Amino acid sequence: MWTNKKSIHGNVFGTVRQVQQCAARRGDAKTCVQASLEIADSGYPHLAISYLKTVCLEDKFPTGQMLIKHIDQMENKIKK
């Protein structure tokens, strides 16, 4: 399972994902970005972005909903 694999820094992805989500909920942008970059740099950029969308919609609604457009733009740049 993906969540049991390790990142480039040797951290289990499930834990990194949890750090990303908790940081976003608490408004800790620096930690959230660090966790997101760890996931992305480990070869899963789309999952990092997908998780950010989920956090925005589920945990930061309704203000997080406004961020989805910007996250989609980021995701489109990665696909190129």
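Predicted model: local features only at pLDDT ≥ 70, side-chain atom pairs only at ≥ 80, totals over all residues.

Which residues of α2 are buried? They are Cys32, Ala35, Ser36, Glu38 and Ile39. These residues lie on the same side of α2, because the arc they cover around the axis is only 155°. Now turn to the face of α2 directed away from the buried side, and you will find the exposed residues Ala29, Lys30 and Asp41.

As for the helix itself, α2 is built from 13 residues. From first C-alpha to last, α2 reaches 18 Å, close to the 18 Å expected at 1.5 Å a residue. Just after α2 comes Gly43, with a positive phi of about 105°.

Next, the aromatic rings. The structure holds one aromatic pair, formed by Phe13 and Tyr44. Their ring centres are 5.3 Å apart and their planes meet at 85°, so the pair counts as edge-to-face. This pair links distant parts of the chain, with its members 31 residues apart: Phe13 belongs to helix α1 (residues 13-26), while Tyr44 sits in the loop between α2 (29-41) and α3 (45-58). Phe13 counts as buried because its relative accessibility is 1%, whereas Tyr44, at 24%, counts as partly exposed.

One more ring deserves a look: Arg17 lies over the face of Tyr51, 4.1 Å from the ring centre.

How values were computed: Residues numbered from 1 in each chain as written. Heavy atoms only, no water. Phe/Tyr/Trp six-rings, centres within 6.5 Å; stacked < 30°, edge-to-face > 60°. Helix = DSSP H or I, 4+ residues; strand = E, 2+ residues; numbered from the N terminus. Buried < 20%, exposed > 50% of the residue type's maximum accessible area, 1.4 Å probe, protein only. Lys NZ or Arg CZ within 6 Å of the ring centre and 35° of its normal. Expected span 1.5 Å × (residues − 1). Arc of directions from axis to C-beta.
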